[in-house]
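Please keep the model open while you go through them.

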Amino acid sequence: MSQLLFLALFLVLFVMTEYRGHDQISVAVNSFFRSDPLVLAGYLLAAKSWSRLLLPAVVLVAATLLLGRFFCAWICPLGTLLDLLRIRKTAAAPPWLLSPNLKQWLLLTLLFASLFNLNLVGLLDPLAILLRGLTFLLYPLLGLAAREGWVELYGLIGEQRDSFAPLYGLLRDNLLPFRDAIYPLAFFSTFLLLGIFFLERLGTRTWCRCLCPLGTLLGWLGKVSLFRRLPVDVCGDCGRCRDLCPMRPEQGRLEAGECIVCMNCERDCRDRRVTFKLAAPLKGAGPLLPERRVFLGGMAAGLLLAVPARFRSPEMTATLLRPPGVRAEDEFLKKCVRCGECIKVCLKNALYPAAWQSGVEGFYTPCLIPRLGYCEYNCTLCGQVCPTGAIPRLPVEAKRREVIGKAVFDKNHCLPFAKRIDCIVCEEHCPIPDKAIRSREVTVVGSDGVERIVKEPHILDETCNGCGICENVCPLEGRAGVQVLAVINRTPLSEPVFGSEPADSGYAVK
Amino acid sequence: MAEGSDYPAITRRAISAVGGMKRFVKVGDVVVVKPNMGWDRPVELAANTHPLVVRAVVEECLAAGAKKVKVFDYTCNDARRCYANSGIERALKGIKRVECKQIEPERFKKVQLNGQFLKEWELYDEALAADVYINLPIAKHHGLSRLTLGLKNIMGIMGGNRGFMHRNLDTALADVNAHFKSHLTIIDATRILTAHGPQGGNPGDVRVLNTIIASTDIVAADAFATTLFGLKPGDIPVTVAAYKRGLGEMNLDRIKVVRV
């Protein structure tokens with residue numbers, strides 16, 4: 001019951017993570033990530049600082065210390081999906097997968113890499129895997145199917161379609177994505193998610209038992225919990241628990257830290273022998289920390305991963321733009337969960353998951369591609385849904401002044417320079433009150449040899465915030481005549497001064 | 001032309017000065033009212049038509065017996081934000097027989113314009129199918145065309161790569177307006193944007209003029225509105241191109257201005 005409730009909550013919050021006519025999003029699916037101890041661990045180790053946003057995760061850590069690894073059986077939406085799908089076991093798991101050391105090793109590698117400034121926990125976080133699968137493939141697919149159907153209907157019945165408009169309007173306003181976007185890494189994201197479902201064929205909850213880094217972390221915390229199953233061992237005369245338990249106790253006992261407190265064994269025990277009670281931690285329940293060999297191995301692997309993964313191609317980083325408010329690349333990479341929420345919420349579909357633009361380190365981090373979508377001047381949604389504040393939550397006045405990059409003209413391509421004809425669509429769209437793109441009339445000789453007056457645009461660096469609308473609306477095909485380039489110094493623009501007179505009268509009509 | 005600070009009232013006065021809405025709208029007509037709501041800017045920044053003016057025009061259409069009044073614009077910023085923050089969607093909410101829907105791209109239809117610059121272009125089917133088309137721009141500065149008024153507001157029913165038109169904007173706009181006529185042009189000059197248009201953003205660029213201009217002649221409406229900026233109709237190449245094409249009168253001494 002609780003499982004279904006949380007799955008429904010996850011999906012509802014997912015759909016709510018969208019602009020639905022209000023500048024503020026009150027609750028979003030980021031609540032799940034803010035409660036995620038793995039996200040918390042990665043953040044603390046990598047950023048080596050604290051964020052108030054992650055307080056719910058601390059609560060969950062405390063609850064796990066007390067009650068055990070209940071998250072996996074009561075809350076985790078991915079776990080619920082695995083339970084709902086009930087994929088039948090068709091093959092035996094290979095022994096290496098079942099090794100209790102594998103997941104420890106995996107988690108330790110992630111945590112040590114974080115400590116060495118490479119925070120990749122989000123790549124294997126189950127909530128993030130689920131969200132990315134939904135955001136990058138399944139949800140756009142739903143939107144596309146609905147929209148295509150609606151367009152087809154217009155082709156079939158034309159204006160008469162209007163009689164169905166209220167129904168479609170209801171769907172569009174409350175459920176569907178506003179805009180169709182095709183995302184890079186869509187297949188990979190879905191592949192990861194489906195891979196986890198596929199693992200069920202090797203036995204129930206194979207992902208949770210053998211791989212999940214969040215589950216493993218909760219397992220460590222849950223080892224000392226005071227709430228446990230009694231009797232500790234499976235009774236010799238019955239042993240049905242062994243089949244009831246989704247975590248598949250191979251020996252006669254489920255190790256501490258493996259029990260996910262689903263309580264199936266208590267509910268279905270014929271003789272009512274099994275109970276869950278508060279009890280003192282077991283003596284001899286195994287060491288709290290993993291074996292030294294695994295510990296050191298994880299540390300070495302984390303270090304080995306952390307250094308080479310930092311390679312970034314300068315050519316790619318030159319056009320690598322981050323969401324508004326992100327001032328420093330390294331700081332951002334340490335805090336970003338790679339959950340994809342900002343990408344989902346982005347009003348103009350300006351944000352896309354990076355594939356290789358920022359190296360392995362930046363896999364799945366959001367980057368802005370102006371040619372596909374620009375940063376809407378008055379919108380602050382990405383900062384509102386970011387679970388860790390990697391994209392800071394800013395009031396709209398401050399966000400407008402945050403520098404994403406700076407636009408530059410390509411004079412070989414931009415029409416007034418290259419073809420000597422009028423254009424300046426970029427200036428028209430520039431949202432900066434006093435215009436960061438301005439134009440001046442110059443007399444030129446056209447390619448036909450005739451002298452004429454053309455408006456040539458130029459950029460005022462001190463007022464350009466790099467929102468990218470100029471590059472977005474440039475009417476040239478393919479590559480735009482104006483392009484936003486990344487800059488290292490992203491000091492916000494100074495506050496606009498609004499006088500009662502137009503700022504420079506030469507520019508005004510009068 | 002009407003002046004006053006009660007915007008719905010001056011809108012109604014201006015409409016009655018050109019013969020009243022019944023002259024244009026017959027009982028059972030489908031009317032399209034095309035304001036400018038292309039930008040995510042609040043009312044006071046004068047980037048979009050004033051919502052009270054839009055509502056007054058819509059109410060006049062309904063009073064004249066319109067079966068349905070459709071209000072839309074092909075926005076430059078995010079459509080949801082423009083519809084919401086221009087205040088127009090809210091101003092029309094709950095009025096029966098009024099539709100304020102966002103543009104659906106599949107509804108643009110290729111139309112043969114056979115113009116001098118544009119041979120064909122995509123126009124919005126709801127505008128093409130309407131019995132009456134009312135052009136309802138706000139008077140604003142524009143970087144390329146100096147001013148954007150009635151003739152340029154027609155771009156809101158155009159699809160495709162609209163930026164392409166900037167290469168020869170004056171001729172392109174004459175082409176479209178020659179093919180697609182506005183039955184009535186009402187220019188909202190309650191506030192005008194004098195610089196950094198068409199989007200604005202600086203309150204210092206806004207002048208409050210409390211003025212509404214209505215005319216059946218789109219060129220005359222534009223020509224007269226130009227004077228509000230201290231310019232002459234001949235300063236605006238778009239107006240000149242339309243005049244030369246025979247779309248209307250731009251000589252102020254031949255335009256009869258009725259002040260009500």
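**Notes on chains A and B**

1. In this predicted model, the C-alpha centres of domain 1 and domain 2 of chain A are 52 Å apart. The domain assignment places residues 2–134 together with 185–306 in domain 1 of chain A, and residues 403–485 in domain 2 of chain A.

2. Within chain A, it is worth looking at helix H3 (residues 37–47) and helix H4 (residues 55–67), which pack with their axes 8 Å apart and at an angle of about 115°. The crossing in which H3(A) passes H4(A) is left-handed. On the side of H3(A), the contact is made by Pro37(A), Val39(A) and Leu40(A), while H4(A) contributes Ala57(A), Val58(A), Leu60(A) and Val61(A). Sorted by class, this contact of H3(A) with H4(A) consists of seven nonpolar residues, with no polar and no charged ones.

3. Is Gly325(A) buried or exposed? Gly325(A) is buried, because 24 other C-beta atoms lie within 10 Å, and the cut-off for calling a residue buried is 20 or more. Once its neighbours within four places in sequence are left aside, Gly325(A) is in contact with Gly383(A), Ile391(A), Pro392(A), Leu394(A), Lys399(A) and Glu402(A). Gly325(A) and Leu55(A), by comparison, are 270 residues apart in sequence and lie 22 Å apart in space, taken from C-alpha to C-alpha.

4. Turning to chain B, the model shows nine helices and 11 strands, and the C-alpha trace of this chain spans about 40 × 40 × 35 Å along its principal axes. A compact globule of 260 residues would have a radius of gyration near 18 Å, so the 17 Å found for chain B agrees with that expectation. Of the 260 residues of chain B, 59% count as buried. Among the contacts in chain B with a separation of 6 or more, 72% are accounted for by residues 24 or more positions apart.

Notes: Residues numbered from 1 in each chain as written. Chains lettered and ligands numbered in written order. Predicted model: local features only at pLDDT ≥ 70, side-chain atom pairs only at ≥ 80, totals over all residues. Helix = DSSP H or I, 4+ residues; strand = E, 2+ residues; numbered from the N terminus. Rg over C-alpha atoms; globule rule 2.2 N^0.38 Å. Buried ≥ 20, exposed ≤ 12 C-beta atoms within 10 Å, placed from the backbone. Contact = placed C-beta atoms within 7 Å. Domains from an automatic or database assignment. Axes fitted to C-alpha atoms, helices over the stretch in contact; angles between N-to-C directions. Left-handed = near helix turned anticlockwise from the far one by under 90°. Nonpolar A, V, L, I, M, F, W, Y, C, P; charged D, E, K, R; others polar.
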